[in-house]
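Hi everyone, and thanks for coming. Please have a look at the structure on the screen, and then I'll walk you through it piece by piece.

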Amino acid sequence: QYKPELSRSPQGDFMRPAIRTRKSSNTNGVGVQVEDTRICVVMVGLPARGKSLIAQKVVRYLGWLSISARCFNVGSYRRTNTPQPNASFFDTSNKEGERLRKAAAEAAVADMIVWFKSPKNLIAILDATNSTKARRRWIKDRCDSEGIETLFVESKCDEEDLIMSNIIEVKTTSPDYCGQDPEEAAKDFRERIRMYERVYETLDEDEQDLTYCKIINVGSQVIINRIQDYLQSRVVYYLMNLHIKPRSIWISRHGESMFNVSGQIGGDADLSPRGFRYASELPALVRNSAGDAPLTVWTSTLKRTAQTAAHLPYEKLSWKALDELDSGVCDGLTYADIEQQYPADFAARDADKYNYRYLGGESYRDVVIRLEPIIMELERSENILIVTHQAVLRCIYAYFMGSNQEQSPWMEVPLHCLIRLTPRAYKTEEERMFADVPAVSTWREKGSKAVHADTPEHSRRGSPSIVGMKKEGAAK
Ligand code: ATP
Ligand code: F6P
């Protein structure tokens with residue numbers, strides 16, 4: 001398991017690793033050296049080529065890694081003056097249309113430049129077709145003059161069926177066509193694409209000075225040019241792993257363990273008798289949800305997840321990176337023990353649970369860093385069932401749902417519950433399924449010690465996922 005380095009004080013006590021207190025202006029606290037890098041990712045492509053979907057995923061991924069990113073969607077700027085244009089608005093011989101579209105692009109770029117004035121903001125995505133060389137050159141010049149790097153990301157796709165299904169799936173329900181007949185909307189959208197096709201110029205040889213990544217037919221071919229630094233290559237690597245095949249990710253905590261029953265954290269305990277019952281019922285729960293779909297099961301290296309997955313009739317893989325958050329010197333203690341033996345730590349964890357690092361152990365922030373390869377592999381994979389632990393599950397869930405860092409460590413994830421996450425065009429759908437096997441609740445409300453009594457009924461009915469911070473409400 002990943003362990004930050006520990007050092008000893010002259011008295012022999014453990015001291016917190018340096019990284020916990022290191023807060024310099026050129027790191028974002030997750031070890032990413034950001035120096036003065038600011039990148040504008042400029043999307044390029046005809047309508048309905050998945051640009052907005054790619055842009056949103058990149059923002060969510062970077063946000064999860066604590067890299068401040070934001071998408072500037074030129075379409076939403078354009079809608080302020082032309083909410084529901086028909087295809088002729090996009091005809092380049094329509095002078096007024098041209099003027100309004102350029103004005104929308106200028107407004108988005110101007111806002112982006114203001115946003116970059118804050119030193120914590122690192123990556124902006126300029127989401128528009130940016131379909132001509134002239135438009136791309138204009139963006140590059142504007143960014144150069146502000147010291148902002150540009151990374152052009154073109155999505156090219158000539159698979160007619162896919163384009164048509166994109167139009168039906170997302171375009172006919174777009175605000176541009178709100179209240180209109182879906183068939184008429186689809187027809188008009190096809191016409192809009194035709195307008196763009198007349199002037200569209202793919203990234204080519206005369207643009208070899210640009211840094212770009214060209215994704216052809218959803219990654220069946222990827223061409224990269226002049227990638228310059230760490231952050232750019234990280235974004236490009238992420239893009240190379242994306243696919244759009246329909247699939248789900250199932251996540252479950254291990255069955256109730258003997259430590260869960262006694263209220264101890266960490267450790268490598270066996271399942272309790274009720275935990276073993278959950279393990280026996282899990283295959284049916286999974287089959288009910290997944291049918292005969294092929295699946296791969298991922299577990300941690302700890303006994304309780306392997307025991308939980310024992311009867312699942314699928315290929316299995318165990319990952320060290322899926323082991324529970326390391327509670328360091330508190331491993332094996334109850335929350336009440338921690339409050340008594342380490343009162344300052346107990347309070348510090350409540351005050352900032354995401355960043356608090358156990359003495360000799362990990363924080364939620366640390367867990368996110370070690371989970372990054374898991375997320376990358378998940379993006380590349382199809383159906384996966386992950387049997388893991390409370391804190392790890394919260395981090396994976398936060399990635400897919402875009403939950404914020406303050407709230408995600410407080411999310412209530414009951415034992416003996418299978419969660420199905422299904423990525424859709426612009427959001428992830430969630431479904432919760434409970435096994436009919438009672439279990440203790442290991443959830444601890446802020447300021448409390450956790451009771452470790454049987455889970456209350458309300459939590460076993462698929463209630464809101466984040467109930468830990470009642471006053472602040474659910475995560476976005
Ligand atoms: P517009 O220019 O009209 O805003 P867009 O290019 O931003 O269009 P999206 O709104 O993102 O298109 O389209 C989303 C659809 O594109 C989703 O159904 C998604 O599955 C699909 N999609 C995602 N990635 C790709 C890709 N690389 N190529 C083609 N389609 C994709
Ligand atoms: O109690 C079960 C458990 O998985 C512990 O092993 C772990 O320390 C804890 O949950 C993580 O949850 P929290 O971050 O809320 O303490």
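**How the chain folds together**

Let's start with contacts: of those in the protein with a separation of 6 or more, 68% are between residues 24 or more positions apart. Two residues are in contact if their C-beta atoms, placed from the backbone, lie within 7 Å. Keep in mind that this is a predicted model, where local features need pLDDT of at least 70 and side-chain atom pairs count only at pLDDT 80 or more, while totals for chains, interfaces and linings use all residues. Residues are numbered from 1 along each chain as its sequence is written, and chains are lettered from A and ligands numbered from 1 in the order in which they are written.

The protein has 15 helices and 14 strands; these are DSSP runs, numbered from the N terminus, with helices being H or I of at least four residues and strands E of at least two. Of its 476 residues, 38% count as buried, meaning that 20 or more other C-beta atoms lie within 10 Å of the residue's own.

Now, the inside. The largest nonpolar core has 90 residues. A nonpolar core is a set of buried Ala, Val, Leu, Ile, Met, Phe, Trp, Tyr and Cys residues joined through C-beta atoms within 7 Å. Helix α15 (residues 390-401) gives this core its largest share, nine residues. Among the residues with the most contacts inside the core are Cys395 and Ile396. Leaving aside neighbours within four places in sequence, Ile396 touches Ile251, Leu371 and Ile386.

Next, helix α8, residues 230-241. Which of its residues are buried? They are Leu231, Gln232, Val235 and Leu239. Seen down the axis of α8, these fall within an arc of 105 degrees (taken from the directions from the axis to the C-beta atoms), so they line one face of the helix. They pack against β3, α2, β5, β6 and β7.

A residue is near a molecule if its C-beta atom, placed from the backbone, lies within 6 Å of it.

Finally, which residues are around ligand 2? Among them are Asn260, Glu324, His389, Gln390 and Arg444.

Technical notes
The expected span of a helix is 1.5 Å times one less than its number of residues. A residue is buried if 20 or more other C-beta atoms lie within 10 Å of its own, exposed if 12 or fewer, and partly exposed in between; C-beta atoms are placed from the backbone.
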